[in-house]
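User: Hi! I'm new to this one, could you walk me through it?
Analyst: Happy to, let's look at it together.

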Amino acid sequence: MSTVPPTESPLHTIDLIRKKRDGLALDAREIAFLVAGAASGTIPLEQLSAWLMAAWIRGLSLDETRALTLAMRDSGEKFDPSPLGKTAVDKHSTGGVGDKTSFLVAPIAAACGLAVPMISGRALGHTGGTLDKLEAIPGYRTALSLDEFEKVLTYCGASIVSQTPALVPADRVLYALRDRTGTVESPGLICASILSKKLAAGLDALVLDVKTGSGAFLRKREDAEYLAALMVATAEAAGTKTVALLTDMGQPLGRAAGNWIELAESVELLRNQRAPESEDLRELSLILAGWMIHLGGKAATPEQGIQLAEAALEDGSALAVFFKMIETQGGDSGVFEDMGGFHKPGATGVLTAWRSGFIAEMDTTQIGWAVQRTGAGREKAGEPVDAHAGIEFKARRGAKLEQGDTIVTLYATNEAMLSEAMDLLKKAITIEDAAPDAIPMVSRVFTRENAEAYLRDAVR
Ligand code: URA
């Protein structure tokens, strides 16, 4: 007698919403159903919103987070780096103010023989965006097809582009909904959103830079640690070697926060010009690149990776990759010949110290909003940004100031925006009699082993 294989019962969105609402975990098939419905538009937005809110309130288990990440990764087209014949590595940062490490780590890792397929984002709210910064270069194209992306990577080793419309379409729908339904700040949803986009690039290895401190997306340290451990365990389970570094965003990274001025600061470092106010940026970039090089198999330890990274900076090979990438993507690298001459802000102003003392604190989220008000950032997705606006720090946390010393130079689209940004900045910087304690750049590293142990112990 022949046996008939059992058929799976059809799924209904309302049942899955109820299940999550009641605190039960969905299985991989149920999650894949919701994600497919989000990507194709067959599940109405009100039902997706209800499920997102249930997931936000109840939390997602590790298995649900993993299933959601993989289903989202597989919801559209993917990039296959295998024809490149190199190990594909990338870095992702949870965002901050003045964070321009991509412009250093991508060419450094490529100069060390790795492929860096970097799909980046835009400025939103108080944080800057890699794509907006690159678009300050006349002609630079961020919207490449996956075929063009592969060609640039073959020729240059690194390519920094925007997400194609067909890559991870489920995230486009779910992220926009989360933004409108108060469901952004959920570790499982954040993890799936970030990793689905990174894993769709077919990465062999990934270094995550999870920010802590006053400018970080997740303000509470334990939230940042949990997200870091969750992302490492989830990406490792998907077959991508991953580490996460908890790094300081208690002040802007480097001295510039804006679009063109961040590129200019990065190119200075790629040229081995070392302004003291850019040393933290150089340090973090070398640490991140060192891990990329190590995970990519080009160095036995992260420390050896840092040495290789430093050599690629010092011998000019990383700079050569960066300029080659810019030119291959249509950009005019000639603008870097006279970086000051190219910089044409609408209005310029200076904030000076109102008393003598030490810079004790920088409210970096407020500083990020001040940068946005200069015209460099955007409040709502789709708004234009000013390539030449931004803020340049002459003094950082711990600096000793005499009354009247310059703290920052501001560049804005116009005088009104300048004074708005100036007001925000004054409130964001605290000057006190005593110097603050130094904060280490990297406070914790999560690898697969300690991430899994952390998650086992975490009570969530
Ligand atoms: N960045 C993302 O891409 N997704 C999130 O959910 C949060 C930050």
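**Ligand and helix contacts**

Analyst: Let's start at the ligand: one of its oxygen atoms is 2.8 Å from an N or O atom in the side chain of R178. That is a polar contact, meaning a pair of N or O atoms within 3.5 Å; within protein, one must be able to donate a hydrogen and the other to accept it, and residues adjacent in sequence count only if both atoms are side-chain atoms. This is a predicted model, where local features need pLDDT of at least 70 and side-chain atom pairs count only at pLDDT 80 or more, while totals for chains, interfaces and linings use all residues. Residues are numbered from 1 along each chain as its sequence is written, and side-chain values use heavy atoms, with hydrogens and water left out.

User: Switching topic: at what angle do helix 10 and helix 18 pack?
Analyst: Helix 10 (residues 221-237) and helix 18 (residues 448-457) pack at about 120 degrees, with axes 8 Å apart. Helices here are DSSP runs of H or I with at least four residues, numbered from the N terminus. Axes are lines fitted to C-alpha atoms over the stretch in contact, and angles run from 0 to 180 degrees between N-to-C directions.

User: So what do we call that pair?
Analyst: Helix 10 and helix 18 are oblique to each other; angles under 35 degrees count as roughly parallel, over 145 as roughly antiparallel, 65 to 115 as roughly perpendicular and the rest as oblique.

User: Which residues of helix 18 meet helix 10?
Analyst: R448, A451, E452, Y454 and L455 do, where contact means heavy atoms within 4.5 Å. From helix 10, the partners include E222, Y226 and L230.

User: What about helix 4 and helix 10, how do they cross?
Analyst: The axes of helix 4 (residues 62-73) and helix 10 come within 10 Å and cross at roughly 60 degrees, so helix 4 and helix 10 are oblique. L62, T65, R66 and T69 of helix 4 meet Y226, L230, A233, T234 and A237 of helix 10.

User: Last one: how far apart are the axes of helix 5 and helix 11?
Analyst: The axes of helix 5 (residues 102-111) and helix 11 (residues 260-270) are 9 Å apart, at an angle of about 40 degrees. That makes helix 5 oblique to helix 11.

Key
Helix = DSSP H or I, 4+ residues; strand = E, 2+ residues; numbered from the N terminus.
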